[in-house]
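Please look through the sequence and the 3D structure below. The paragraphs after them go through the parts one after another.

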Amino acid sequence: MKDPGIILGPVREVSMFAIIKSFVKKGIEVTVFDPDQKAPGYCIPGISQKLVCPDPDQHRAEFVKFLIDLGSRQPGNVLLVNDDIYSQVIAEYRDELSKDLLFLISDLPVNSIGVDKAKTAEACAQYGLPFPRTHFITDDHDVLDHLEIEFPLVIKPRILAGSRGQYLVNSQEELTGAWNTIRENKTDYIIQEWIPGSITNLCTLGAVYDERSDSRAVFTARRLDVMRTKSVNQGITTYVISEKIPEIIEQGVGFLRKIKWKGMAELEFKFDQRDSKYKLIEINPRAWSWIKLPMECGVDLDRKSTRLNSSHIPLS
């Protein structure tokens, strides 16, 4: 039986390029969407349809209607998204969207653990997964006078991927300055201890879980270099090597099972030399920038996720 078509979006991130090319190469019909009509993913040859969608961050109801209408025109197709907010919207409107579209995304409370760094920390504490000491911000007084974590610290937006919007501070003066800069933002933050160590202490576990929250594919790797941002310790991964890392496999696979995860996840760990533990930094409920590496190693996580979505494609 013919494979179902794939609906992918947004397509502005480099992680989608390898995924799109992989499906096109296999002869699968691919539809892509993005709010930006100039998104670079539109330029990939072989795409069947290129659609401009409402921005779910600003026009959530319109975006949901866009997907419902798309599903009614292309029933039985598999939906894959590559953005935290998009995954949250799909989890929230699961009942409406699942009438025509196939997708493998955790229920909203579980998906929120992957999107919201504060909820990630709370889940780690609940299930015994090592993570950086975390301070939950409630107000200015709380930030400046009741901090019980030693410097250096990282101020992180609760909902933003990677190092975007983060501030590394080394003193109370720097903390006060950073907080005065960001306090007017309509964004919630947490403060975490900075785990010392080089880029090579950063490791990733990528996995796909089925509807029963059983792991169906697992891949681990270690970072070797990044494209630098203002901080020498932060940036977009540019050099990474596949490596079997038993500690994060044991910790990460068990944690995702306990929280009843479904679909794809990337867990980022950092090895803390102070206590010889790998500590969870964040979860991404989607593909990530160097997803091509596991694909080249024979662990095609997006293809596996698609197979789990469709009874037409046998699992292998």
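Which residues in helix 5 meet which residues in helix 6? Ser112, Ile113, Gly114 and Val115 in helix 5 are in contact with Lys117, Lys119, Thr120 and Ala123 in helix 6, where contact means heavy atoms within 4.5 Å. Sorted by class, the residues of this contact are three nonpolar, three polar and two charged. In that sorting, Ala, Val, Leu, Ile, Met, Phe, Trp, Tyr, Cys and Pro count as nonpolar, Asp, Glu, Lys and Arg as charged, and the others, Gly among them, as polar.

Before going further, some ground rules are needed. This is a predicted model, in which local features need pLDDT of at least 70 and side-chain atom pairs count only at pLDDT 80 or more, while totals for chains, interfaces and linings use all residues. Residues are numbered from 1 along each chain as its sequence is written, and side-chain values use heavy atoms, with hydrogens and water left out. Helices (H or I, at least four residues) and strands (E, at least two) are DSSP runs numbered from the N terminus.

Two packed helices are described by the angle between their axes and the distance between the axes. Axes are lines fitted to C-alpha atoms, for helices over the stretch in contact, and angles run from 0 to 180 degrees between N-to-C directions. For helix 5 (residues 108-115) and helix 6 (residues 117-127), the axes come within 6 Å and cross at roughly 105°. Helix 5 and helix 6 are therefore roughly perpendicular to each other; angles under 35 degrees count as roughly parallel, over 145 as roughly antiparallel, 65 to 115 as roughly perpendicular and the rest as oblique.

The axes of helix 2 (residues 60-73) and helix 3 (residues 84-92) come within 11 Å, with a crossing angle of roughly 70°. This pair is therefore also described as roughly perpendicular. On the helix 2 side, Arg60, Phe63, Val64 and Leu67 take part, and they meet Ile85, Tyr86, Val89, Ile90 and Glu92 in helix 3. The contact of helix 2 with helix 3 has seven nonpolar residues, no polar ones and two charged ones.

Strand 1 (residues 6-9) is joined to strand 4 by four bridges, and leucine 8 has leucine 80 in strand 4 as its bridge partner. In the loop between strand 1 and helix 1 lies proline 10, and the peptide bond from glycine 9 to proline 10 is cis, with omega near -15°.

Another open sheet of four strands has the order 5-8-6-7, with antiparallel pairing. Strand 5 (134-136) and strand 7 (167-169) each have a single partner strand, so one side of each is left without a neighbour in the sheet. The twist from one strand to the next averages 25°. Three bridges pair strand 5 with strand 8 (residues 189-193), and in strand 8 the partner of histidine 135 is isoleucine 191. Helix 6 packs on this sheet, touching strand 5, strand 6 (153-157) and strand 8.

Finally, consider strand 12 (residues 263-272). Nine of its 10 residues are buried, where buried means under 20% relative accessible area, exposed over 50%, and partly exposed in between (1.4 Å probe, protein chains only). Strand 12 runs antiparallel to strand 9 (residues 202-209), with eight bridges, and antiparallel to strand 13 (residues 277-284), with seven bridges. Cysteine 203 pairs with phenylalanine 269 in strand 12, and leucine 267 stands opposite isoleucine 283 in strand 13. The hairpin of strand 12 and strand 13 has four residues between the strands, and serine 276 takes a positive phi near 60° there. Serine 276 counts as exposed at 52% relative accessibility.

Definitions and conventions: Two strands pair if DSSP finds at least two bridges between them.
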